[in-house]
Amino acid sequence: MRRSMLFIPGNTPNLLMNGDVLGSDAIILDLEDAVSPAEKDSARILVRNALKHLHYKGCEIIIRINPVDTEYWQKDLEEVIPLKPNLIMPPKVSCAQDVKTVSDYIAKLEEKCGFEKNTVKLIPLIETAMGVENAFQIAGADERVAAMFLGGEDLTADLRCKRTKEGNEIFYARTRLVCAARACGIDVYDTPFTDVDDLDGLYKDAQFAKSLGFTGKASISPRHVEGINEVFSPTQAEIDYAHEVMETIRIAKEQGKGVVSLRGKMIDAPIVERARQVIEMEKAMFGGVEDDE
Amino acid sequence: MKITANAVAGTLESSDVYVKVEPCDTLEIEIESVVYNQFADDIKASVKEVLDELGVESGRISINDKGAIDCVIQARVETAIKRAGGNK
């Protein structure tokens, strides 16, 4: 389960040390924008040591490396891949070839480390107009791609428009990314809400992203994590309904019924699938829930 | 690795450490720390481990620790030494 992803600057020890107590489902250790060019070497070594010695419990580890058109990305991978992070986030991915380039290099490092192929997954960061247009090809570019992530700030700079709280300027990109990701059967994550103090705005933005089909949302502040987790978690009513659906299906099967309804509505395959997803989320959140089937 | 130039790494922020390395004929490790009384020996051992791993036999290593944990101290020492050896 990955609802929230929290960015942590890669060269800041006091934040790195506390990465797993801030409540997010994943932390993104950032070697890119949060680190100045003069400190790239320092951050790379610090993040590698953090991965080696700090046992981040209960959250996934994502490393945002530097873009493939810089001199840094290969060195970033050389330092972190031996520590088996869950995912690598290459930024400014604009086409399928960008994904292949990173994936091929990870494959070499995995082989060198004796890891199984595709141990480390990819979550490409889409933040250019070209990347948005090529989203479907990027999502399906490689077996390693497990999710995509929309970066609204760089994207609006590329689109030459102003980034607003309402987000009308990124509506097309949001829906295109969701559609591309879902078509390829992978998860998709929304851009951070950048006003750290506006918690109402954060809720609205996260709820809107959820309504479009996003799996979760990234955050640049620990203050936003709780809100994001809440919005992207199923409500108790949704959980109860999901169990009712599965129970209804179970009884119908026992009675040999082909078509069943619940609360006056026919239960068809998409409703069952959604109920399964809700119950999976419930298990991930609370654990120990018995199967209805 | 041989220390051939002056170099620094880290910061003076809380939980970090500022490391300065300089060429020197002998090996000297100077430690200043907010937790000197409790951890000076541990910090020195931690620094020495990195020097051994990188094959550094001489140089002046100055540590100004602001309560950094072991893996942070080692990261900053490694960075400073690599910078001082022209390996950035």
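Predicted model: local features only at pLDDT ≥ 70, side-chain atom pairs only at ≥ 80, totals over all residues.
Visitor: What makes a residue count as nonpolar, charged or polar?

Guide: Phe, Pro and Ile are among the types that count as nonpolar, while Asp and Arg count as charged.

Visitor: How much space lies in the largest pocket?

Guide: The largest pocket holds about 1,000 Å³ of space. Its lining is made of 30 residues, with A:Arg182, A:Arg274, A:Gln277, A:Val278 and A:Met281 lying nearest the centre, and by class the lining has 14 nonpolar, five polar and 11 charged residues.

Visitor: Why is the largest pocket said to lie between domain 1 and domain 2 of chain A?

Guide: Chain A is divided into domain 1 (4-231) and domain 2 (236-286), and because both domains give residues to the lining of the largest pocket, we conclude that the pocket lies between them. Helix 12 of chain A gives the most to this lining, nine residues, and strand 8 (187-190), helix 9 (199-212) and helix 11 (236-254) are also among the elements that each supply at least two. The centres of the two domains, taken over C-alpha atoms, are separated by 33 Å.

Visitor: Why is the pairing of A:Arg48 and B:Glu78 called a salt bridge?

Guide: The name requires a side-chain nitrogen of Lys or Arg within 4 Å of a carboxyl oxygen of Asp or Glu. Between the side chains of A:Arg48 and B:Glu78 the distance, N to O, is 2.5 Å, which lies within that 4 Å limit, so the pair qualifies as a salt bridge. The count between chain B and chain A is three salt bridges.

Visitor: How do you know that chain B and chain A are in contact, and what area is buried between them?

Guide: Contact means heavy atoms within 4.5 Å, and 14 residues of chain B are in contact with 16 residues of chain A. The buried area between the two chains is about 1,300 Å², with carbon and sulfur atoms giving 53%.

How values were computed:
Residues numbered from 1 in each chain as written. Chains lettered and ligands numbered in written order. Heavy atoms only, no water. 1 Å grid on protein atoms, 1.4 Å probe; cavity = no way out; pocket = protein on both sides within 12 Å on 5 of 7 lines; lining within 4 Å. Points joined across faces, edges and corners; volume = space filled by probe spheres on them. Helix = DSSP H or I, 4+ residues; strand = E, 2+ residues; numbered from the N terminus. Domains from an automatic or database assignment. Buried area = accessible area lost by both parts, 1.4 Å probe.
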